[in-house]
Amino acid sequence: MTATAPPAVIDEDGLGVLVATLVAQGRTVVGPTVRDGAIVLAELTSSAALPYGWGVDLDAGRYRLVRREDRAVFAHSAGPQSWKSWLHPARERLWSADRTPEGDVTFTAAEPEAPAYAFLGVRPCDLRAIAIQDWVLTGGRHPDTGYGRRRRRALLIAAECTEPGATCFCVSTGGGPAADPGYDLALTEIVDDDGHRFLVRAGSEEGARLLDALPHRRADFVTEASARGAVDAARDRMGRALPPVDLRTLLGGSLAADRWDDVADRCLTCGNCTMVCPTCFCVTTEEVTDLTGDHTERWQRWDSCFDLDFSHLHEGPVRASPRARYRQWLTHKLSTWHDQFDSSGCVGCGRCVAWCPAGIDLTEEVAALHAESGTETRR
């Protein structure tokens, strides 16, 4: 079988064999599971740990698990984590330095062997987020070598979206519930009168070899039509949408808008939105020295543009007010990101809406800015 081979179908047992095969290959399989009242991403040793029969109830500042009447595995929208937790971890040692008895200092780069990850259940929005992070973290003159090592060995098994959440808006960011290229395998889950099964497409030679090792049958017309119908229906059931305007121009022309004061009154500047965002990539570094002073380490950790220290220069933070910091985040995400990376920085996964403790809704804020811009135009 090749990457251009026709789609195939596997059943629940085939999904189990898929996980078992990946584990037997020595891969670290990461996928969705239920833990602590949420569907989280964690290492899996068998398909039994997948969230069979669980869905989620979402809204701004709200996330609840709900039981489903079927045994669907991937019928849930994005949880609190994204794959950047593995590809671009929250904390990573960069190097260490040791002073010898003679007073010399030796430096040792931390270059651990990257795990051979297999990410199971990558949603299309997150597939796009990984593509953005690839560009940001490995596409410039100073690539993140740790990210590059992990990314090169990661196998991506996408799960097309058939059950968008109330906070999802990927279609209005230029994406959609169908998987873009970039996956090794793409699954589309179907649960109907013909049974519980998965349409599988290979997107790479490695994915094709993996599919060839699974018990499968060639996709039939009914299964392919059901899969496409489920994805098309999801496209029409997005819970939210951004205004259908040129967001780059709207945000760039709204720097003095009154709406920034309104959202600043509600924003806690906690940075939750940046922590859960699958494309936010900002980091800072810190040195940690032991009590002898002979050994020190440099660690890289996630940082947030909502943190006062993030923009601190010699006389204080450049963006001292919540208004300035929220405006920086939203304007960068939807407007100036285009100048840096030739794309939007938002994939419409809705995590920033669901996991904001103040329930601030990015789509609502952009709509308000759009409305205010119209008011300004009419004055």
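Two strands count as paired if DSSP finds at least two bridges between them. With that in mind, welcome to this predicted model. Strand β9 (residues 155–159) and strand β10 (residues 185–192) are joined by three bridges and pair in the parallel sense. To find the pairing on screen, look for Ala159, which stands opposite Leu187 in β10.

Both strands belong to an open sheet of eight, whose order is β3-β2-β8-β9-β10-β11-β1-β12 and whose pairing is mixed. At the edges are β3 and β12 (217–218), each of which pairs on one side only.

## Strand β2 and its two partners

Strand β2 covers residues 28–35, and six of its eight residues are buried, so the rest of the structure largely encloses this strand. One of its partners is strand β8 (residues 117–122), with which β2 pairs in the parallel sense over three bridges. Here Val30 has Phe119 in β8 as its bridge partner.

The pairing of β2 with strand β3 (residues 38–43) is antiparallel and has six bridges. A handy landmark is Gly31, which stands opposite Ala42 in β3. β2 and β3 form a hairpin with two residues between the strands, and in this hairpin Asp36 takes a positive phi near 55°.

## A second hairpin: β4 and β5

Let us turn to another hairpin. Strand β4 (residues 54–59) pairs with strand β5 (residues 62–67) in the antiparallel sense, over six bridges. Within this pairing, Gly55 stands opposite Val66 in β5. Two residues lie between β4 and β5, and Gly61 in the turn has a positive phi of about 70°.

## The four-stranded sheet

There is also an open sheet of four strands, in the order β7-β6-β14-β13, with antiparallel pairing. Its edge strands are β7 (105–109) and β13 (283–289), each pairing on one side only. On average, and ignoring direction, neighbouring strands of this sheet are turned by 20° against each other.

Inside this sheet, strand β6 (residues 91–99) and strand β14 (residues 295–302) are linked by seven bridges in the antiparallel sense.

Helix α3 (residues 124–138) packs against helix α4 (residues 145–152) at an angle of about 140°, and their axes are 9 Å apart. This angle makes α3 oblique to α4, since only angles over 145 degrees would count as roughly antiparallel. The crossing of α3 past α4 is left-handed. On the α3 side, the contact is made by Ile130, Gln133, Asp134, Leu137 and Thr138, and on the α4 side by Tyr147, Gly148 and Arg151. In an α-helix there are 3.6 residues a turn, so residues three or four places apart point the same way.

Is Arg151 buried or exposed? Arg151 has a relative accessibility of 19% and counts as buried, because the cut-off for buried is under 20%. Setting aside neighbours within four places in sequence, Arg151 is in contact with Leu87, Ile130, Asp134 and Leu156.

## Helices α8 and α10

The axes of α8 and α10 come within 8 Å and cross at roughly 105°, which makes α8 roughly perpendicular to α10. From α8, the residues Trp260, Asp261, Val263 and Ala264 meet Pro322, Arg323, Tyr326, Arg327, Leu330 and Thr331 in α10.

Where is the kink in helix α10 centred? In α10 (residues 322–341) the kink is centred on His332 and amounts to about 60°. Just after α10 comes Asp342, which takes a positive phi of about 60°.

## Gly271, in a loop

Our last stop is Gly271, found in the loop between α8 (259–266) and α9 (272–276). Gly271 is buried, with a relative accessible area of 3%. Which residues does Gly271 touch, not counting residues up to four places away in sequence? They are Ser304 and Phe306.

Gly271 and Cys356 are 85 residues apart along the chain, and their C-alpha atoms are separated by 8.7 Å.

Methods:
Residues are numbered from 1 along each chain as its sequence is written. This is a predicted model: local features need pLDDT of at least 70, side-chain atom pairs count only at pLDDT 80 or more; totals for chains, interfaces and linings use all residues. Side-chain values use heavy atoms; hydrogens and water are left out. The bend at a residue is the angle between axes fitted to the seven residues ending there and the seven starting there. Buried means under 20% relative accessible area, exposed over 50%, partly exposed in between (1.4 Å probe, protein chains only). Axes are lines fitted to C-alpha atoms, for helices over the stretch in contact, and angles run from 0 to 180 degrees between N-to-C directions. Angles under 35 degrees count as roughly parallel, over 145 as roughly antiparallel, 65 to 115 as roughly perpendicular and the rest as oblique. A crossing is left-handed if the near helix is turned anticlockwise from the far one by less than a right angle, and right-handed if clockwise. Contact means heavy atoms within 4.5 Å.
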